[in-house]
Amino acid sequence: MPSPGTTALVILLPAAEPVLAAARRVDASLVRPGLPAHVTALYPFLPDESLTGQVLAEVRSLAAGVAPVDVRLAELVVAPGFVALAAPELQAVADAVCARWPEVLPYGGRFGPRPAAHLTVAMGGSAETLERAAVEVRPLLPIEARAEALQLVALTERGWEPRLEAPFGG
């Protein structure tokens with residue numbers, strides 16, 4: 001479980017909220033509280049206390065160089081402890097973010113240097129519970145979405161809170 005002060009760069013996809021709602025109906029504990037439907041570009045990012053004006057300007061600059069991306073969430077990935085939707089259209093954005101901050105290993109290196117871009121639907125729970133969540137989500141696919149910004153979020157004592165929204169501009 002991340003601790004307060006942890007930050008992440010995410011790409012919000014509000015059109016995918018129905019899949020999170022479907023997973024919550026199966027078991028609310030499967031869905032991380034406080035964050036809307038998103039694809040993670042880099043987690044963890046820099047510690048909250050390191051978010052200087054220069055870092056925020058660099059996030060804005062990187063986002064300004066990215067064109068908005070049309071995303072089609074159609075492939076459901078079910079793995080031990082995890083249900084996700086593949087988001088290959090956002091891989092280039094995640095790669096650009098990781099290349100800009102190479103000292104920050106995505107997911108602490110747990111999934112290698114270049115984890116596949118995805119939207120986590122459910123995490124934790126038994127294999128049976130995750131499969132029930134997948135059954136609920138499949139009829140909702142595909143989902144068409146448009147990625148339009150990077151959002152920097154930080155975990156606080158009150159939950160995840162936005163720190164910066166950096167619109168795509170390319």
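In this predicted model, the structure holds 2 cavities of 30 Å³ or more. The largest cavity has a volume of about 90 Å³. A total of 14 residues line this cavity, and those closest to its centre are T40, A41, A94, C98 and P115. Two elements, β2 and α3, each give two or more residues to the lining of the largest cavity. The most comes from α3, which gives 4 residues. By residue type, the lining of the largest cavity divides into 9 nonpolar, 3 polar and 2 charged residues.

The second largest cavity has a volume of about 70 Å³. Its lining consists of L20, L30, V31, R32, L35, P36, A37, H38, T120, V121 and A122. The largest share of this lining, 3 residues, belongs to β6. Of the residues that line the second largest cavity, 8 are nonpolar, 2 are polar and 1 is charged.

The largest pocket was examined next. The space in the largest pocket comes to about 710 Å³. It is lined by 26 residues, of which R32, Y107, R110, T120 and M123 are the closest to its centre. At least two lining residues are supplied by each of β1 (7-12), β2, β5 and β6. The lining of the largest pocket is made up of 19 nonpolar, 5 polar and 2 charged residues. R32 and T120 are among the residues closest to the centre of the largest pocket, and R32 and T120 also line the second largest cavity.

Y107, one of the residues closest to the centre of the largest pocket, is placed in the loop between α3 (91-100) and β6. Most residues other than glycine have a negative phi. Y107 is not a glycine, yet its phi is positive, at about 55°. The relative accessibility of Y107 is 15%. Buried means under 20% relative accessible area, so Y107 counts as buried.

In α3, the buried residues are Q91, V93, A94, V97 and C98. These residues cover an arc of only 165° around the axis, and therefore they are on the same side of α3. The face turned away from this buried side carries the exposed residues A92 and A99. The buried residues of α3 pack against β1, β2, α2, β3 (69-73) and β8 (149-156). Two of the buried residues of α3, A94 and C98, are also among the residues closest to the centre of the largest cavity.

In α4, which spans residues 127-137, the buried residues are T129, L130, A133, A134 and V137. Seen down the axis of α4, they fall within an arc of 145°, so they line one face of the helix. The partners against which the buried residues of α4 pack are α1 (17-26), β4 (76-79), β5 (82-86) and β6 (118-123).

The loop between α4 and β7 contains L141. With a relative accessibility of 18%, L141 is counted as buried because the limit for this class is under 20%. When neighbours within four places in sequence are left aside, L141 is in contact with V19, L73, A74, L76 and L85. The C-alpha atoms of L141 and V66 are 26 Å apart in space, and these two residues are 75 residues apart in sequence.

Cis peptide bonds were also found. Most peptide bonds are trans. The bond from L141 to P142, however, is cis, with omega near 0°. P142 lies in the loop between α4 and β7 (143-147). Another cis peptide bond joins Y43 and P44, where omega is about -15°. P44 is located in the loop between β2 (38-42) and α2 (53-64).

Apart from its neighbours within four places in sequence, L13 is in contact with A37, H38, V39, V71, L73, L90, L119, A145, R146 and A147.

Methods
Residues are numbered from 1 along each chain as its sequence is written. This is a predicted model: local features need pLDDT of at least 70, side-chain atom pairs count only at pLDDT 80 or more; totals for chains, interfaces and linings use all residues. Side-chain values use heavy atoms; hydrogens and water are left out. Buried means under 20% relative accessible area, exposed over 50%, partly exposed in between (1.4 Å probe, protein chains only). The arc is that of the directions from the helix axis to the C-beta atoms. Contact means heavy atoms within 4.5 Å. On a 1 Å grid over the protein atoms alone, a cavity is a set of points where a 1.4 Å probe fits but cannot get out, and a pocket is an open set with protein on both sides within 12 Å along at least five of seven lines; lining residues have an atom within 4 Å of a point. Grid points are joined across faces, edges and corners, and a volume is the space filled by probe spheres set on the points. Ala, Val, Leu, Ile, Met, Phe, Trp, Tyr, Cys and Pro count as nonpolar, Asp, Glu, Lys and Arg as charged, and the others, Gly among them, as polar.
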